[in-house]
Structure formats: C-alpha cells, structure tokens
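Subject: Structure for you to look at

Hello,

Here is the structure I said I would pass on. My notes on what was found follow below it.

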Amino acid sequence: MPLIRTIQINPGCRLGVWRIEEEEAFFREKVNISPAIHHPHKRLQHFAGRYLLQELFPGFPLSSIQIMQSRKPYLESNSLHFSISHCGDNIAAIVSSNGAVGIDIEDVKPKIEAVSHKFLSPEERAFIDPVNALPHKTICWSAKEAVYKWYGLGGVDFRENMQLAPFIFQPRGFLTCNFNKADKNARLYLQYLMENELCLTWTNDVEDLTVPTIAENAASGH
C-alpha cells in the first residue's frame, strides 16, 4: 500500500506519507490538474502530493490552490491550511482546518553535515550528539524546513531567525523552535520520526508571541 503512514494530530489536523510506486497515469486519472513541470520525476512528485491531499481530506479543493511569490501553495479562502514535502519517491503532506502548518521529509545524507554550519548556530551545534551527529543534524534541518514552510513568506535566515531549544537525539520525539522576524515572533512545537534513514518532521502546535502594534491595539479597541 503506497500510503505508508497517517497520523491524526487532532480532530482538525492530519498528516500522511505516500511512497510512490505508481506511474504518472495513475495520479492523472484522479487528480484533475495540469502542472507546467517538464522534469518527469518532479511532475510525478507534484501529482502524488496533490493526490495525497485528497487522501487526507476527501474533497480537498485542488483547483483552488494558489502559489505565493515564495512558491508556497495555499488556498485563498484559508478554509484549509496545508504543507507538502518531497524526498525521492516519498511524499509527505499535512492538512489542517485550524491554522498554518509545516511538514518536511528528508533523507539522512552526508550533504547535511557539509552545510550544517549554514543552518545551525554555535549554541545549537553545542547540543548535537557526537555519536549520532548526522541524524541529529538532519532532525534539526528538517525541523527548520518545516518551520520555513509554516511561515511561508520566504526571506528567512535559518541560523538567525530560527533557534532550536536543546534536545537529546532519539529516533522519535518533540522539539521547540523560536521563530523571530520583524513581522512574526512565535514559538513552535514540533514532532519528528526517524525511520529507515528518513526523517519526518511537522509542526504540532504554535504559540504566537508577536506583540500587537499601537495601531493594531487602537483598531481593536484596547
């Protein structure tokens, strides 16, 4: 069965992971979209991701999906919030009726080690398990990718705008990320699974710490 995992996070939020074993024609029969993507495998990933959205939320309005300048897909009505991630033949998606979400799926590969100085601060590097450095750093990268997708507007410095709280390496667990930008200040609670050299990470809850401006307070009557 290509749908290898589903998790009901809460009554309004669900995620799933799909392993592509089908030809493109399988998805074209069920997903009525015509993406302008020329690379065959990227086009297959695109179809599978849209198909997975419907598996998670039957009746998902695929034809209403818009694309931001940052390349984040969204629904203009904001009736549902979603995020999709591709890694080879594995597709992960999360759909929520509650608020913005983010998901990421990654292979545990040496390239993560090679670029870790670009996304981990000295404080974050200090808590990395030296025995399990590569998978531990992969979880950190995946978590920040999920947060990046949750934010959705681009222009994020993974070292400066995201700070992970120290956490111990283990195959599954929870972690916290503080997100700080001029327009957004939030604490995100994430969950991850490490299985078969794949890391899956998703936003589990969000605490908005953004302080309203004087103009916003006046408009709300406070």
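Arg-71 sits in the loop between strand S3 (65-67) and strand S4 (73-75). This is a predicted model. The phi of Arg-71 is positive, near 80°, in a residue other than glycine. Most residues other than glycine have a negative phi. Arg-71 has a relative accessible area of 69%, so the residue counts as exposed.

The loop between S4 and strand S5 (81-87) holds Asn-78. Asn-78, a residue other than glycine, also has a positive phi, near 60°. Its relative accessibility is 46%, which makes Asn-78 partly exposed.

A further positive phi, near 85°, belongs to Gly-152, the residue that follows helix H5.

H5 covers residues 133-151. With 19 residues at 1.5 Å a residue, H5 should span 27 Å, and the 27 Å between its end C-alpha atoms agrees with that. Of those 19 residues, 17 are buried, so H5 is largely enclosed by the rest of the structure.

In soluble globular proteins, nonpolar side chains tend to be buried together. The largest nonpolar core here has 30 residues, and those touching the most other members are Ile-139, Cys-140, Val-147, Leu-175, Phe-179 and Leu-190. At least two residues of this core come from each of helix H3 (110-119), H5, strand S8 (162-164), S9 and strand S10 (184-195). H5 gives the largest share, nine residues. There is also a second, separate core of 22 residues, with Ala-48, Ile-65, Leu-75 and Ala-93 among its members.

Leaving aside neighbours within four places in sequence, Leu-190 is in contact with several residues, including Ala-143, Ala-146, Val-147, Phe-174, Leu-175, Cys-177 and Trp-202.

Cys-177 is part of strand S9 (residues 172-181). Is Cys-177 buried or exposed? Its relative accessibility is 0%, so Cys-177 counts as buried. Not counting residues up to four places away in sequence, Cys-177 touches Val-147, Met-162, Gln-163, Leu-164, Ala-186, Arg-187, Leu-188 and Leu-190. From Cys-177 to Ala-143 the C-alpha distance is 8.1 Å, with the two residues 34 apart in sequence.

Regards

How values were computed
Residues are numbered from 1 along each chain as its sequence is written. This is a predicted model: local features need pLDDT of at least 70, side-chain atom pairs count only at pLDDT 80 or more; totals for chains, interfaces and linings use all residues. Side-chain values use heavy atoms; hydrogens and water are left out. Helices (H or I, at least four residues) and strands (E, at least two) are DSSP runs, numbered from the N terminus. Buried means under 20% relative accessible area, exposed over 50%, partly exposed in between (1.4 Å probe, protein chains only). Contact means heavy atoms within 4.5 Å. The expected span of a helix is 1.5 Å times one less than its number of residues. A nonpolar core is a set of buried Ala, Val, Leu, Ile, Met, Phe, Trp, Tyr and Cys residues joined through side-chain atoms within 4.5 Å.
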